[in-house]
Amino acid sequence: MKIISVVGARPNFMKVAPFISEINRYNLESLKTNREQIKHILVHTGQHYDDLMSKKFFDDLEIPEADINLGIGSGSHAEQVGNSMIELEKVFEKEKPDWVIIYGDVNATLAASVTAKKLHIKVCHIEAGLRSGDLKMPEEINRLVTDRLSDLLLTPDLLSVENLKKEGIPDSSIRFVGNIMIDTLENNRAKSDRLDIKQIVKSNMISNVKEVNIKENNYAVITLHRPSNVDDKEILTSLVSFISTEVSEVLPVIWTIHPRTEKQLKLFNLWEKIILVPDIFLVNPLGYHDMLKLNMHAKIMLTDSGGLQEECTVLGTPCLTMRWNTERPVTLREYGGASVLVGNNIDRIRKEFFNTLKESRKPERPALWDGKTAVRCLEEILKYC
Ligand code: UD1
């Protein structure tokens with residue numbers, strides 16, 4: 001059997017890592033039993049191209065270098081998807097895989113599903129069925145199109161199974177396998193825990209002149225990158241003002257800066273202002289282990305990332321999700337998770353921030369978030385006929 005996995009952006013890398021390990025394990029066993037090996041080809045579209053957004057994750061998670069890098073780089077959504085499709089078509093036609101495997105909801109996911117389906121190649125979507133209901137999010141469009149086209153839809157939770165059924169996807173195409181990101185978390189937890197928080201901040205800090213006075217369980221971590229939070233001047237200005245005058249008054253803040261956010265902070269003349277606040281530590285995008293360590297010991301997380309919402313649930317880190325909706329309701333407090341939706345309204349963020357500071361860490365494990373999802377993914381692919 002020949003399988004091509006297509007990845008493109010940071011949140012794909014922690015999903016492909018356990019799947020590749022599982023194929024390697026399967027192939028090693030096959031050697032002993034004379035079973036047919038799986039040939040796996042890893043294609044990176046190159047949407048995320050900075051070392052810090054891509055190579056660092058491949059190194060940290062021991063993902064083998066991509067067999068093919070399409071070098072697509074940045075651009076508008078149409079450019080990223082269109083250029084990826086043109087290049088993927090050549091790869092799929094040459095390699096003629098039995099399966100194309102796609103992960104999550106990034107532009108590479110959409111490009112690969114449409115291209116493979118038009119060539120009549122079977123498509124398997126890992127992390128199928130998530131829905132925010134918000135068609136203004138580029139990721140929601142990617143999810144809808146990808147799931148409509150996929151032959152095998154592997155879901156992280158039971159709410160996603162319900163979403164797919166409501167859209168008329170037949171039961172025979174849907175399998176509940178659990179959350180593959182949690183395989184990566186469990187595989188890397190021990191290594192991360194050996195790291196030193198101060199050292200992580202010092203070695204990744206953007207402005208290196210501040211005294212790093214940070215203690216375990218007594219800091220906030222912030223990540224922001226969604227266009228809805230960082231592309232609007234008024235919204236980003238109010239968030240920066242809240243973080244610098246209110247959050248950093250009560251806790252030191254470690255803010256990992258996504259390239260889009262850095263660009264926007266500079267464009268709106270907020271960069272120089274925030275860099276001077278004594279208790280805000282701006283750091284470059286962190287590697288997987290560094291980020292996991294910070295999450296394990298944060299007093300609170302403020303984020304608009306879906307993946308961090310999930311990791312906070314398993315680690316029990318109280319989390320304010322700076323969005324108005326989520327495709328991952330299983331991570332919300334009302335479903336037993338650690339996160340609360342606060343959008344980008346400062347009054348609401350303030351209220352939940354001070355309430356949440358009183359909360360303690362409550363780790364929670366939704367069904368099948370057990371670190372063994374990759375095994376189930378491969379089993380389902382092999383069983384599918
Ligand atoms: C993408 C994903 C999003 C995911 C996020 C995590 C889509 C539609 N969105 O959004 O689901 O949560 O990644 O990181 O695929 N840039 C760099 N260096 C890089 C990559 C990007 O400087 O290595 C710059 C680009 O020039 C661009 C901006 O960052 O201006 C945003 O990058 P883009 O690839 O458009 O999407 P993300 O916002 O990262």
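**First stop: a serine in a loop**

Select Asp151 and Ser173: the backbone oxygen of Asp151 lies 3.5 Å from a polar atom of the Ser173 side chain, a polar contact being a pair of N or O atoms within 3.5 Å, where within protein one must be able to donate a hydrogen and the other to accept it, and residues adjacent in sequence count only if both atoms are side-chain atoms. This is a predicted model, in which local features need pLDDT of at least 70 and side-chain atom pairs count only at pLDDT 80 or more, while totals for chains, interfaces and linings use all residues. Residues are numbered from 1 along each chain as its sequence is written, and side-chain values use heavy atoms, with hydrogens and water left out.

Ser173 sits in the loop between α6 (158-166) and β7 (174-176), helices (H or I, at least four residues) and strands (E, at least two) being DSSP runs numbered from the N terminus. With a relative accessible area of 11%, Ser173 is buried (under 20% relative accessible area, 1.4 Å probe, protein chains only).

**Second stop: a threonine in a strand**

Move to Thr321 in strand β12 (residues 319-321), which is buried at a relative accessible area of 0%. Not counting residues up to four places away in sequence, Thr321 touches several residues, among them Thr303, Gln309 and Val340, with contact meaning heavy atoms within 4.5 Å.

Definitions and conventions
Buried < 20%, exposed > 50% of the residue type's maximum accessible area, 1.4 Å probe, protein only.
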